[in-house]
Amino acid sequence: MKEYWTSLASLLGVLAFCQSLMQSIIPPELRFAFLKFFNRTFHLFSSYCYFDITELDGVNTNELYNAVQLYLSTSVSIAGNRLSLTRAVNSSSITFGLSNNDSIVDTFNNATVLWEHVVTQRQTQTFAWRPLPEEKRGFTLRIKKRDKTLILNSYLDFIAEKAKEIRRKNQDRLLYTNTRGGSLDSRGHPWESVPFKHPSTFETLAMDPKKKQEIMDDLKDFVLGQMFYQKTGRAWKRGYLLYGPPGTGKSSMIAAMANYLGYDIYDLELTEVHSNSELRKLLMKTSSKSIIVIEDIDCSINLTNRNKSSGLKAGPEHRIGSETRSGSGSGEESGNGNTITLSGLLNFTDGLWSCCGSERIFIFTTNHIEKLDPALLRSGRMDMHVCMSYCDFSSLKILLRNYLGYEEEDVDDDVLKEMERVVEKAEMTPADVSEALIKNRRDKEKAVRELLVELKSRWERNVKGGKLRGQSGNLRELEIVEEEEKRAIDSQNEDGDDVEDETELVDNVGKD
């Protein structure tokens, strides 16, 4: 073995001598061509393939270089001895990177590859339309020849996808709003954004743990379901309807979903949108891996149930065209184009235009589900209906832990049993319970006592008013909502298709 290394060292010495000799003999104008020929000859007899990925492709940025840099940052932070640190715009995290002319080994599909970060000084520029950096940067990938056809393409695709995931995690999430309606700014964007810093998570959300886990599992299945949606011929999107009394945590649920998935949020203000075409324009300018939210949809514009004679009245600029079955509404846009039709909103969530992006979630919230048109409630538009209810005992324990740091064993058994007895009958929302705990959070025992007093007071008031089941035979408010949702869905099954066909027909007539 010693003789082998000695021979190899001698051979390298001879090669180095020959190279220096040739450089002294060969004219400078031919030296580069000779070195290129020498390197190609060396690689011809080598068992490796070499691929150069430069930072710049001409004068344009090479996206593959940025992807490789991000991908290697996950391995460099663990294996590297000398690292470079960077932080991107709109990012709160630091990215590790290879230092100049450093290298690292990676493994993919049982094949070992070597990455080297090559940095050299750029020759003096004579003239350029765009000034170039003083240093030439690039990565050199070394792969064994026998592995080239097996992993090269799939490895680079893997790096690109991994880089997107890292970029999304490192970059702060954004909250978008359409304050200008559908008009564009100087960059051609209809949305304005601010960093999204809402701290709500599923762990802190005051909700039944089983229901939370069901929602989390559904979200996870959606994110991992690209192949499933392609196989079944469905657009890769999902709709959630959050309904219930005010203060039950609908907005906190949206924030928890965004933090769980790492998605941006587009808060769509319908009252700022004046036509179906503006609505489509806003949809086209949303990104993939995002949540599109319309809060209090029953209050934004007149999307009330057309089978009911009563409903919320919207301003004339946002009145839905086909409001009744009698055909009194023409469904056409007014002369100034200030109309959003029900058909336009349905196409926004479930029509052809809803497929212009992928991996997007639509969320509608409402305090009065019974006032929504059945066409908005069916599967394919609002796939999962989530009832945000009053505090139950499990929700109460989560709030005690969030605001006081109390676990179940930290509360007196008698007090805990009394809370469990009255909490559901008190019909207090998580917002009400939170406020009772916040104002006394400096004195935890006092906070628990006053919360119990408030729960009993609410319970007694509900009993006296005959609000609870068993007093006057009436259902609780939330149970009424659930019953009205069932009736709305049943009504949809009976004549929802006719309603949609009529809406589209009336809109088409208006356009003609």
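Modeller: Accessible areas come from the Shrake-Rupley method with a 1.4 Å probe. On that basis, this predicted model exposes about 28,900 Å², and carbon and sulfur atoms supply 51% of that area.

Biologist: What share of the residues counts as buried, and what makes a residue buried?

Modeller: A residue is buried when its relative accessible area is under 20%. Of the 512 residues of the protein, 41% count as buried. The secondary structure comes to 15 helices and 15 strands.

Biologist: How confident is the predictor, as judged by pLDDT?

Modeller: The pLDDT averages 76 over the protein, and 65% of the residues score at least 70. Over residues 469-478 the pLDDT is below 50, although this stretch has 25 contacts in the model beyond near neighbours in sequence. Residues 499-512 also have a pLDDT below 50, with 24 contacts beyond near neighbours in sequence. Where pLDDT is low, the predicted coordinates should not be read in detail.

Biologist: Why is Thr 140 called buried?

Modeller: Its relative accessible area is 16%, and the cut-off is under 20%; Thr 140 is therefore buried. This residue lies in strand β8, which covers residues 135-144. Leaving aside residues up to four places away in sequence, Thr 140 touches Tyr 50, Phe 51, Asp 52, Leu 114, Trp 115, Glu 116 and Val 118.

Biologist: What makes the pairing of the Thr 140 and Asp 52 side chains a polar contact?

Modeller: A polar contact requires N or O atoms within 3.5 Å, one able to donate a hydrogen and the other to accept it. The side chains of Thr 140 and Asp 52 make such a contact at 3.0 Å.

Biologist: How do you know that the length of helix α5 agrees with its number of residues?

Modeller: The expected span is 1.5 Å times one less than the number of residues. For the 15 residues of α5, residues 209-223, this gives 21 Å; the end C-alpha atoms are 21 Å apart, so the two values agree.

Biologist: Which residues of α5 are buried, and why are they said to line one face?

Modeller: Lys 212, Ile 215, Met 216, Asp 218, Leu 219 and Phe 222 are buried in α5. Seen down the helix axis, the buried residues fall within an arc of 160°, so they line one face. The face turned away from that buried side carries the exposed residues Lys 210 and Asp 221.

Biologist: What covers the buried residues of α5?

Modeller: The cover includes helices α6 (226-232), α7 (250-261) and α11 (393-404), together with strands β11 (237-243), β14 (360-366) and β15 (384-387).

Conventions. Residues are numbered from 1 along each chain as its sequence is written. This is a predicted model: local features need pLDDT of at least 70, side-chain atom pairs count only at pLDDT 80 or more; totals for chains, interfaces and linings use all residues. Side-chain values use heavy atoms; hydrogens and water are left out. pLDDT is the predictor's confidence in each residue, from 0 to 100. Contact means heavy atoms within 4.5 Å. Helices (H or I, at least four residues) and strands (E, at least two) are DSSP runs, numbered from the N terminus. Buried means under 20% relative accessible area, exposed over 50%, partly exposed in between (1.4 Å probe, protein chains only). The arc is that of the directions from the helix axis to the C-beta atoms.
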